[in-house]
Amino acid sequence: MTTDRPYYITTPIYYVNDRPHIGHCYTTLLADAAARFQRLARGLDIDGKDEPTRAGSAPAGPAGRVFFLTGTDEHADKVVTSGAEHGVSPLEWATRNADQFRAAFAAMNFSQDDFIRTTEDRHKTRVHGYIRQLQAGGDIYLGDYVGWWDESQEEYLTETVAKDSKFGPYTSPVTGRPLVKRTEKNYFFRLSKYETALRAHIDAHPECILPEARRNEVLGRLRQGLQDVPISRAVTDDPTTQWGIRMPDDPGHRVYVWIEALCNYLTVVDTPGRKDLWPASVHVMAKDILWFHAVIWPAMLMALSRTENIGKLGLPSTVYAHSYWVREGVKMSKSLGNFVTLEVLKAYADKYSLDAVRWYLLTQGPLGATDADFSHAKFIEVYNADLANGVGNCASRVSNMIAKYFDGKVPERAPTPISDVGTVAQDLAAEAARCQAKFDLDSGLLRAVSLISRVDLYINETQPFKLAKRLDAEPQLRATLGHILYDCAEAIRIAALLLMPAMPQKMTELLAKWGSTPPAGVPLADLVQFAGPYGLNPGTAIVKGEALFMRADPAEPPPA
Ligand code: MSP
């Protein structure tokens with residue numbers, strides 16, 4: 001894994017006409033877990049508290065920075081209409097909802113380094129700058145646009161996409177709502193000019209669109225050719241059209257919300273002290289908005305890079321488009337009213353712990369190319385298997401035996417290993433890091449679960465409780481017993497570190513019980529060395545404490 005470059009990860013900026021739900025929380029959770037892993041890898045504070053551009057914080061470690069950005073996209077037309085329905089201004093409505101997103105993200109224990117709202121001046125002024133640069137470079141012109149407008153998605157669709165919608169001709173392929181035919185005078189971006197360069201870039205950098213299935217879709221669509229895209233909308237007497245960022249030097253037009261929204265990834269870091277963060281390492285999102293990120297955004301960056309004032313910008317390393325959380329095969333959405341709300345997530349967190357919710361979403365979610373169903377039965381199954389009977393029970397078993405046979409102190413480890421637990425731990429930690437590098441977050445986390453299973457198996461194989469019974473007659477077995485329990489406890493320490501990005505609270509708790517809170521400034525690769533310099537110290541107290549995760553009864557109804 002490269003930790004010598006800053007790691008900059010972003011989520012989509014979410015529309016504020018709607019309250020946050022499982023979909024928004026899921027994407028942001030992926031980014032949170034990835035950011036936490038990268039901080040751990042670099043020996044930075046896992047909550048990001050040492051990111052230098054956070055107010056009042058200490059400088060980041062020498063091995064490179066980690067920066068995690070999320071926020072809200074506030075200039076959609078619906079903000080004006082929803083605000084009006086509630087008797088408030090668009091900005092007031094946006095603020096109310098942006099606050100809901102902030103609150104939801106705090107409740108999920110997300111560790112974003114910044115939260116951008118597109119109504120902020122820092123965004124608006126830079127967007128103007130970029131548009132001016134694109135105009136100066138000859139990449140923007142005024143023309144006529146006739147197209148199919150998808151009101152539910154705030155986007156124009158091409159004739160082919162509109163006609164072939166899976167919900168029937170001229171309906172939204174996402175929500176099934178009827179499309180509207182519109183003609184406008186618009187400013188256009190010369191997207192067509194970048195077709196060859198984009199294709200060459202995607203061919204040369206297979207990791208720039210992931211998962212692979214999504215990359216192939218983008219390449220397929222690119223082969224049909226690229227048309228220039230409108231990037232402005234006319235301003236009229238209708239108040240809806242007056243909301244947004246005006247085109248520079250032409251107040252009769254506003255910048256199309258999608259175009260300025262994409263710029264957020266750059267506006268936030270286009271400032272002293274953050275410039276080294278560009279290009280982004282990963283833009284995470286669901287597949288609904290992949291085209292904007294995989295095609296339009298890189299083309300805009302290429303165009304900006306050609307202009308003198310901005311210079312070479314570099315393209316994001318990876319655009320990662322996961323699939324959807326669904327209910328009975330249908331995407332959750334506001335229009336269908338079938339999504340898992342924050343209240344539901346909170347009820348699960350109250351009953352089973354927040355980290356259990358994070359674990360379920362991270363390991364069972366639609367990370368790859370297939371959609372995932374949110375199911376109570378599955379939640380309980382995974383909770384019991386991985387957490388209550390998995391890491392929680394394993395830690396209890398080992399700490400109980402250490403309490404009973406070694407007075408609660410980490411025993412000595414004989415110089416010669418008597419099992420492969422150390423090697424297994426080492427290999428799994430290395431694999432977990434490789435998975436992270438490919439954004440294969442769930443596979444990475446499952447490596448830690450395998451390590452816990454290996455410890456359970458090792459206990460079953462060596463039966464330390466039986467050895468303990470023979471100690472009076474055969475005192476020399478004490479060294480073997482100590483060695484076995486040392487290896488178990490040490491493997492649990494390593495598993496806890498690997499699980500930390502997913503379950504920061506519970507794993508901090510576990511490591512504290514283990515007397516092994518990771519010291520600041522030490523990268524993960526050093527921390528996970530089995531019985532290495534940061535391994536468990538014989539003689540350190542291990543606290544038994546309460547079970548980390550109480551077992552759940554599968555017969556219980558979902559929490560209300
Ligand atoms: N504002 C635009 C994004 C602009 S980014 C420059 C937007 N906003 S959104 O509020 O509609 O958020 C879309 C994103 O929310 C998806 O790409 C995904 O990250 C997340 N999800 C919304 N519903 C989802 C599911 N049902 N399942 C998984 N994620 C989903 O589009």
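With a relative accessibility of 0%, Cys488 counts as buried, a label that stands for under 20% relative accessible area, with exposed set at over 50% and partly exposed in between (1.4 Å probe, protein chains only). The model is a predicted one, in which local features need pLDDT of at least 70 and side-chain atom pairs count only at pLDDT 80 or more, while totals for chains, interfaces and linings use all residues. Residues are numbered from 1 along each chain as its sequence is written, and side-chain values use heavy atoms, leaving out hydrogens and water.

The structure holds zero disulfides, a disulfide being a pair of cysteine sulfur atoms within 2.5 Å. For Cys488, the nearest cysteine sulfur is that of Cys394, 6.9 Å away. Cys394 is likewise in no disulfide, and at 0% relative accessibility it counts as buried.

Next come the strands and helices, which are DSSP runs numbered from the N terminus (helices are H or I, at least four residues; strands are E, at least two). Six strands form an open sheet in the order S3-S2-S1-S12-S13-S7, with parallel pairing; here two strands pair if DSSP finds at least two bridges between them. At its edges lie strand S3 (114-117) and strand S7 (209-210), each pairing on one side only. Strand S2 (residues 66-73) runs parallel to S3 and is joined to it by four bridges, and Thr70 stands opposite Phe115 in S3. Between S3 and helix H4 (121-136), the loop contains Glu120, which is partly exposed at a relative accessible area of 22%. Glu120 and Glu74 are 46 residues apart in sequence, and their C-alpha atoms are 9.7 Å apart in space.

Helix H10 (residues 290-305) lies across S7, strand S12 (282-286) and strand S13 (318-322), and runs at about 145° to S12. Such angles run from 0 to 180 degrees between N-to-C directions, with axes taken as lines fitted to C-alpha atoms, for helices over the stretch in contact; contact means heavy atoms within 4.5 Å.

In helix H2 (residues 77-85), the buried residues include Asp77, Val79 and Val80. Their cover includes helix H3 (90-107) and strand S11 (250-255). Just after H2, Gly87 takes a positive phi of about 70°. S11 also runs antiparallel to strand S9 (residues 232-234), to which three bridges join it, with Ala234 and His253 as bridge partners. Two bridges join S11 to strand S10 (residues 246-247), again antiparallel, and Arg246 stands opposite Arg254. The hairpin of S10 and S11 has two residues between the strands, and in this hairpin Asp249 takes a positive phi near 60°.

Aromatic side chains complete the picture. There are 28 aromatic pairs, in which rings of Phe, Tyr and Trp (its six-membered ring) have centres within 6.5 Å; planes under 30 degrees apart count as stacked, over 60 as edge-to-face and the rest as tilted. Phe379 and Tyr383 form a stacked pair, at 6.3 Å centre to centre with 10° between the planes. Both lie in helix H13 (residues 376-406), four residues apart, about one turn of the helix. An α-helix has 3.6 residues a turn, so residues three or four places apart point the same way. Phe379 and Tyr383 are both buried, and they belong to one aromatic cluster whose members include Trp325, Tyr348 and Phe549.
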